[in-house]
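This report covers a structure model, with its confidence scores and one of its sheets. Please read it alongside the sequence and coordinates.

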Amino acid sequence: MKYMIRFFEVVFLSLLMTTSLFAANQGPQLKFDEKSIAEEKGTSDNSKKEFIYGAEPIAKFGNDRNYFKLGAYASMRFEHDSASGIADTFTFRRFVLETDAKIASRFRIYSEIEFERFRKIELERDVTAQNGGLKVTQEIEGTNQSEIAIEQAWFELAFADWIRFQGGGVLIPVGRFNINHDDNLWNFPRRSLVDRGVPVLPTTAAWDELGLGLNGDVEVGEKSKLNYKVYVVNGVVLDAELEEVVQTRSPKRDKLELEAEFGISTGTFSQDIKNAKAVTGRLMYSPLLGHEFGFSGYWGRYTPEYLVGKNLTAVGVDTLQVFGNFDVEAEYVLSYFSGLKDVMSSFANAVGEGEVAVKSADSPDLESEIAFAPSRLVELKQGYWLELRYHWRPQWLTKSWFGKYFSDPHLIPLLRWEQAFLNGRITDATISGGQLTEYVTQNNQVDRLAVGLAFRLNPLAVFQLAYEYTQVNNGTPLAEVVNYLPTLSSQNNAVMFGAAFGF
Amino acid sequence: MKILFFKIILFLFPAVLFAQSTVSLTPPEALRLIFKDSEEVIKEDQVVTSKIQEKAKKFLGDELPKVRYTFFIGKTRDKIDGYALIDEEVGKVLPITFVTRINPDGKVARVEVMVYRESHGGEVATKRFLNQFRNKSLNDELRLHGAIVNVTGATLSSHALVKGVRRALALWQIFYGKS
């Protein structure tokens, strides 16, 4: 051991000396006054200050060392579906506001706030004294499926390229889509089944969790690279959503129902109701630029403290292969919620009665009911997507009006094939007297084929046209297995036109 | 044991210093690096007239952002070894300053990033990315998703360098090309 240390000391000092000798080499003679060249080009007064895309960021404050940048990406689409019960519609997919602040040369703060399908939320509250009492009125108004969420919010302290300390709401590095999900970077107007439509990921992209970890890049020789990310996070949890239903029915009694639906949700940003952390990470190896292989995973408890402790294991394998104008990109994900039946038994024990309703004898006109039920729980999910793209720059396009005003307009014909396999999907769980009296599961397979043509103006803006065919096995309604087609049909043909852009 | 620990830290510490993503080369340092085999380097200022702008638009489909460009010419015993242009292009937020060396046949000899100011995406300054430009000439294939593969997660910085190198090749063709 002693001699090994001495050997490394000698090697290190020799390298240091040799480097110094090389640095002393003067190079060619510069036949002009070195001071005549501005130290940093671009600061001389001969630059024209006219705005051209890429010449100036739209909203940036500060200087090279400390700056704050405001950015965003957004997307929308129009779609026509053949399945019953779905109207043609425009959808405002999302608007994501980004802030990127560099408060020191090696300290960065980044955040994204997402407005998904969001139009408005309006709250009205009123308290008045009247009729010998106090009346409190609260009204919440909003458009369907509106969502505001923090998608990311983290700091990063970069000790060196190979080791960066990161903390906050970080993107979970399972697969390759979740960590690179901006809509304007992709060419189809709908996200994949694996990352969004089912999803096969434990929860829909963009999936972020609160935690701390490390990430870094290591160059391996001149051509290869390793990238790693590893975090400890609060992690996903089985959590409740409260659904309120008011319903008129004839000849049955009208209904007022409060239902607590228990499904998998992203972890909290405050009290961790599981009292158990999860670990997650990804290792990516790129032997050559344009060729990447990623291996990722997640492991941690998914049940809250008041239920039996069970773990979620997720693994991902992904790849990108670029051959000139032709790209192949793919991702496979598996999510396994261990002991799901035991979890439901524990849930039954905690709930007592799954449904409680006021009898008609006590309330002949109105049925009031409370219910507790699982929502979209599946024991084992796995799936993949495979996308093929070709970047085509025909002369008639590059020399057209588009070529004059945009730096790299081109067309991208593309194809995506994807499948999701759901094993042990809970279709019925009856709870009575603190027992799970009925537990019914089903296995399903979802297939989807999409072909499309994207027109990319530059790296930040794209128009997307696509045809998509989706089917589920066993005649199961699509509404039961995917979260974006509310139809009883088991097949759907969709035509979509979308736009995505960012700055 | 403490001495061993201290020596390990001392041994690893330079890895922290050397493994920085922000490249920093002044113009004289950059010129000495890319013309290291030349005897001397001279400079020539080229003014962008309206005729030059028209020619640039034909090559690039876009106007030149500056009114003057300075070319540096490496020579050995009156023989021209190559030409170089120092320029900048904005990546995602801040300008990337880089130098392009062009051979007398109009092909790229070498590209070096002189200053990379962004907080991430610095891989575009590595040989892994920049070596792709070697021996490339100005044609429609000199694009991302063409002859140049972008760095995942640094598409805008990759795009900026492609745009900048294309501009350097176009300017060389205008001022020094034979046809």
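## A pair across two strands

Which residue stands opposite A:D254 in strand 19 of chain A? A:L366 does. Strand 13 (residues 254-265) and strand 19 (residues 366-374) of chain A pair in the parallel sense over 9 bridges. Pairing here requires at least two bridges found by DSSP. Strands are DSSP runs of E, at least two residues long, and helices are runs of H or I, at least four long; both are numbered from the N terminus.

## Basis and confidence

This is a predicted model: local features need pLDDT of at least 70, side-chain atom pairs count only at pLDDT 80 or more, and totals for chains, interfaces and linings use all residues. Residues are numbered from 1 along each chain as its sequence is written, while chains are lettered from A and ligands numbered from 1 in written order.

The model scores ipTM 0.83 and pTM 0.86. Chain B averages a pLDDT (predictor's confidence in each residue, 0 to 100) of 86. In chain B, 87% of the residues score at least 70. Over residues 12-21 of chain B, pLDDT stays under 50.

## The sheet

Strands 12-13-19-18 of chain A, in that order, form an open sheet with mixed pairing. Strand 12 (237-247) and strand 18 (355-357) of chain A stand at the edges. Each has a single partner strand, so one side of each lacks a neighbour in the sheet.

## Chain A overall

Chain A has 6 helices and 24 strands. Of its 503 residues, 32% are buried (20 or more other C-beta atoms within 10 Å of the residue's own, with C-beta atoms placed from the backbone).

Conventions:
Two residues are in contact if their C-beta atoms, placed from the backbone, lie within 7 Å. A residue is buried if 20 or more other C-beta atoms lie within 10 Å of its own, exposed if 12 or fewer, and partly exposed in between; C-beta atoms are placed from the backbone.
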